[in-house]
Amino acid sequence: MILENHHPALDDVQRGRGLTPDQVEAARCLHHDPRYRLIPAAIVSAFYHWVRFGDRPGGFVSAVLRHDLVGAVAAADTSPQRGLVPIVVYMVNELPMICHGSAERMDRWAEQKQREREQPAHPPPVVPAATHPHPKGGLAD
């Protein structure tokens, strides 16, 4: 049974169409907010990967993130064009402002996420020198 007020991507799940787990999760999150009903789950998935990991999205989502709406319309197939207003509302309301607005902001965001990936999750604790064991059995001077 397909519910009346839900995200269309849930129909794809019910009909056995191939969606990635991220797209399925995005659709489930979005169906609770009617403002975002027309946003394809793949777009929300691209936003998620951009915000969480700094993964560069495709042409349409990149243009939206740069606030280049003319470029977004030119890069879109008909599906995202239908939902362009909800996509922009979603971006403004749900994404950190520092990750969109211009190509320069996108570059800084991608660089920040790259640095985060390169840093260890938990740096080793700093132990004061006096508590380090001396190689010959005593404490360091």
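Author: Residues are numbered from 1 along each chain as its sequence is written, and side-chain values use heavy atoms, with hydrogens and water left out. In this predicted model, local features need pLDDT of at least 70 and side-chain atom pairs count only at pLDDT 80 or more, while totals for chains, interfaces and linings use all residues.

Reader: Why is Ser62 called buried?

Author: Buried means under 20% relative accessible area, exposed over 50%, and partly exposed in between (1.4 Å probe, protein chains only). Ser62 has a relative accessible area of 9%, and is therefore buried.

Reader: What does the side chain of Ser62 reach?

Author: The side chain reaches the backbone oxygen of Pro57 at 3.0 Å. Ser62 lies in helix H4, residues 59-65; a helix is a DSSP run of H or I with at least four residues, numbered from the N terminus.

Reader: What makes H3 and H7 roughly parallel?

Author: Angles under 35 degrees count as roughly parallel, over 145 as roughly antiparallel, 65 to 115 as roughly perpendicular and the rest as oblique. Helix H3 (residues 41-53) and helix H7 (residues 84-94) pack at about 25°, with axes 12 Å apart; H3 and H7 are therefore roughly parallel to each other.

Reader: Which residues of H3 and H7 meet?

Author: Ile43, Val44 and Phe47 in H3 meet Ile87, Tyr90 and Met91 in H7, where contact means heavy atoms within 4.5 Å. By class, this contact has six nonpolar, no polar and no charged residues.

Methods
Helix = DSSP H or I, 4+ residues; strand = E, 2+ residues; numbered from the N terminus. Polar contact = N/O pair within 3.5 Å; in protein donor to acceptor, adjacent residues only side chain to side chain. Axes fitted to C-alpha atoms, helices over the stretch in contact; angles between N-to-C directions. Nonpolar A, V, L, I, M, F, W, Y, C, P; charged D, E, K, R; others polar.
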